[in-house]
Amino acid sequence: MHCHFTVYRYDPAADEKPCYQEYEIDAEPTDKILDCLNKIRWEQDPTLAFRSSCAHGICGSDALMINGRIELACQKLVRDFKSGNNFVIEPLPLFEGVKDLIVDLEPFFEKYRQVQPYLIPGQNDSNKEFIQESENQEFIEPALRCILCASCTAGCPINRAHPAYLGPAALLRAFRYIFDSRDSITEQRLEKIDSDDGVWGCKTMWWCTEVCPKEIPITKCLGQIKRAVKQNAKKE
Amino acid sequence: MVHPYDVIIVGAGLAGLRAAVEIGKDAHVAVLTKVFATRSHSGAAQGGIGAALGNEEEDHCEWHMFDTVKGSDYLGDQDAIEILANDAPRAIYELENLGVPFNRTAEGKIAQRAFGGHTRNFGEAPVKRACYAATRTGRVILDTLWEQGLRRGIEFFDEFQMLSLVVHDGQCCGVVAYELSTGKLHVFKSKAVMLATGGAGKIYKTTSNAFASTGDGMAIAYRSGAPLEDMEFVQFHPTGIYKLGILISEAARGEGGILLNNEGERFMERYAPVFKDLAPGDMISRCMLEEMRAGRGIDGQDYFHLDLTHLGEDVIDKKLAEITSFARTYAGVDPIKEPIPVQPTCHYMMGGIATDADGHVIVDAKNTAFAGLYAAGECACVSVHGANRLGCNALLDTLVFGRRAGIAIKAFIPSATRPKLPARPEKKDADMIKDLMNSSGKESSGPIRAELQDSMMEHVSVFRQNDSLNTALKKIAQLKKRYQDLSIQDKGSCFNRDLLDAIELGHLLDLAEVITRSALNREESRGAHSREDFPERDDKKFLVHTMARHDADKGPQIFTKPVTITKFEPKERKY
């Protein structure tokens, strides 16, 4: 079927300002939007820049805007849209554009690194079995689905107004380690995010949960962190 | 720009990261990766990682070793396989202590499940050996190791494409790389280089592999004089989603899923009476094609049904979560209510850069080391997978041999002097890029790549024969000629995918030639290599590794290397 694509183009080295370019392609209803972008690049315009790798929603490379909504290009098919075969493709908001649909995610990963995203284990013999209750593993399970695609942080309205805010993705990673029974610095982790730049930056607006392509209940997880932070503060 | 390091690791999947974590602060190490580290294809591994922990039922490392030897159709080197199986429990506990969130048993131990070809007591019945985190096992290990890399202050050069190895006086002393965001060339000089660049599934039309899986490390090592081993053994996974190739893990069958033909028959019962749908992948893919030829594909087409409907919502949602969402998103079917349409998909390269069990790249049949060059993971061939890899042995391979390469590098660095670089080591690559960018040729990468993928799929996939292999070789030669007439339309220097596509296509073409040439040479059927004109395994002539050495004028030069047999004499392989 015939599809019309309007694609955001910007090359800082050559263009004064961004513009939109139109492409016409034939696509199957079952084609992914990523397939369509590849078709444009391979058959019409090799200069179009976007990221992709696994092409099935695991690597997290290709988050962008489709018809004004944040999506993974590889996880949405042509038939999923009721837009009369018209598609508007734009880069993720919030982040600085590098070229066309590619944005600079360094600030995103910088926030991520701030939450000490690694286990500080409570046992010292790394060759010994390390028991974890099944309920505990299931409790942190939602956060394990995160693929670091940056959709939630890009979609969070707080992040736009309050650049120092850690943002949902980094806080979700904090959640994963705060509630892992094998970690030994839970209190320190909770204290570290007990601030307006930390978990209290979240105003429970649910946009992160709304856009997450892995259907992670991010807002709920952040709520659980808030509760734990309060309890921890009371203890002291 | 020249960057001095002790060690350069190319690739940030599990093998590269495991080595980096091992080396840590003991040497000055940098990791180069063409995609951001957490986008590496190890993250797509779903079903599990094998280790004889015995958490669910009795199990032993020796059973694991036997299964791997038998799974390899006796072509795997048994000394290396013994290391793999014996080191597996330690490797898993290590991951557990690094924070990998495995699924748990009621007692809080690591949960385990059945996987194809893994058996109790030397082949009696399936055994639960695969440790897993739902169906995102690779992804959680990748995240954990990357985060451990951050903790140790490992330096990452994300979105850097390796172009060549710097080799001087027979020693590897660095890497030339292209920075995607600027188009600049960088020279990384080092005492040791480790390749951990993964597989090359993009040689084939239908594949579970990522766009990044273009065999760069294999092709570049090969061009630098390192032989490629057993490249004819390409794994076709039986259950890729129809037409898309997206993987539905063997875990689906490990949890009780079954394959059905158009008569609703569980056809694997006929081919493998004991193991049925848990026979190894090579065998099931062959059986599917046999069924197809007999007209028993669904609707007479080239696919089958993977039925999970009897497993119940709980098992599907908790243990197979990710793959059910793939089925819903891409095939439009709800696996709780209806079967998933599947067909074989190119999944894994058993072959690769020849190495010993400590990650040293070797240059001949006597295991002579290529000074300063190491490799591990899918791009390497130790060989532990031989003619066919068992499910959940790939992640294990990356961790066991990634770590061993790291240990070997760590031991090598203090005594090694930093080799002198030749003058302008980047000149050849700079010229290559300049020529490509200025070329007025009439070809572009897209059509050449598509024709290569079609031809390899048709002639060099599950079944092969003399004529089809020769047809493929002719086609590859034509495509290589057309490749010389390539031009680049994107003249920019920021994320120039057009240029990168061209560079990757060069790698695909070289490797396709080696695969086909090696397949033509092996006149027998063993593991994933099935010759219709030579349907039997021939241990007298072919119980040897195929080695292919680069020759710019004559093409791949084939020689052989003996297989190491220690505990298990070759026997007929039945399931």
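Which residue in strand 23 of chain B does B:Leu228 stand opposite?

Mentor: Happy to. Please keep in mind that this is a predicted model. B:Leu228 stands opposite B:Ala548 of strand 23 in chain B. Strand 12 of chain B (residues 228-229) and strand 23 of chain B (residues 544-549) run antiparallel and are joined by 2 bridges. B:Glu229 also has a residue facing it, B:Met547 of strand 23 in chain B.

In chain B, 5 strands form an open sheet in the order 20-17-12-23-24, and the pairing is mixed. Strand 20 (380-381) and strand 24 of chain B are the edge strands, each pairing on one side only.

Helix 5 of chain B (residues 216-223) touches strand 12 and strand 17 (352-354) of chain B, and its direction makes about 40° with that of strand 17 of chain B. Helix 15 of chain B also packs on the sheet, touching strand 12, strand 23 and strand 24 of chain B. The direction of helix 15 of chain B makes about 140° with that of strand 23 of chain B.

The largest nonpolar core has 263 residues, among which B:Met194 and B:Ile353 touch the most other members. Helix 15 of chain B provides the largest share of this core, 12 residues. Domain 1 (2-103) and domain 2 (106-235) of chain A both contribute residues to the core, so the core lies between them. If you pick out B:Met194 and set aside its neighbours within four places in sequence, you will find it in contact with residues including B:Val7, B:Ile9, B:Tyr374 and B:Ile409.

While we have those two domains of chain A in mind, here is how they meet. Their centres, taken over C-alpha atoms, are separated by 30 Å. Domain 1 of chain A brings 13 residues to the contact and domain 2 of chain A brings 14 residues. On the domain 1 side, strand 4 of chain A (residues 69-72) gives the most, with 3 residues. That side of domain 1 of chain A divides into 9 nonpolar, 3 polar and 1 charged.

Helix 3 of chain B takes us to another neighbourhood. The buried residues of helix 2 of chain B pack against strand 4 (49-50), helix 3 (78-98), strand 5 (112-120) and strand 6 (125-131) of chain B. Helix 2 of chain B (residues 61-71) is mostly covered, with 9 of its 11 residues buried; among them are B:Trp63, B:Met65, B:Phe66 and B:Val69. After helix 2 of chain B comes B:Asp73, which has a positive phi, near 55°.

The strands in that neighbourhood make up an open sheet of 3 strands in chain B, with the order 4-6-5 and antiparallel pairing. Strand 4 and strand 5 of chain B stand at the edges with a single partner strand each, so one side of each is left without a neighbour in the sheet. Strand 5 of chain B is joined to strand 6 of chain B by 5 bridges, and B:Gln112 stands opposite B:Cys131 of strand 6 in chain B.

One last stop is strand 16 of chain B (residues 340-349): 10 of its 10 residues are buried, so it is largely enclosed by the rest of the structure. Strand 13 of chain B (residues 234-241) runs antiparallel to strand 16 of chain B, with 6 bridges joining them, and B:Phe236 has B:Cys346 as its bridge partner. Strand 15 of chain B (residues 304-307) also pairs with strand 16 of chain B in the antiparallel sense, over 3 bridges. In that pairing, B:Phe304 stands opposite B:Val342.

Methods
Residues are numbered from 1 along each chain as its sequence is written. Chains are lettered from A and ligands numbered from 1 in the order in which they are written. This is a predicted model: local features need pLDDT of at least 70, side-chain atom pairs count only at pLDDT 80 or more; totals for chains, interfaces and linings use all residues. A residue is buried if 20 or more other C-beta atoms lie within 10 Å of its own, exposed if 12 or fewer, and partly exposed in between; C-beta atoms are placed from the backbone. Helices (H or I, at least four residues) and strands (E, at least two) are DSSP runs, numbered from the N terminus. Two residues are in contact if their C-beta atoms, placed from the backbone, lie within 7 Å. Two strands pair if DSSP finds at least two bridges between them. Domain bounds come from an automatic or database domain assignment. Ala, Val, Leu, Ile, Met, Phe, Trp, Tyr, Cys and Pro count as nonpolar, Asp, Glu, Lys and Arg as charged, and the others, Gly among them, as polar. Axes are lines fitted to C-alpha atoms, for helices over the stretch in contact, and angles run from 0 to 180 degrees between N-to-C directions. A nonpolar core is a set of buried Ala, Val, Leu, Ile, Met, Phe, Trp, Tyr and Cys residues joined through C-beta atoms within 7 Å.
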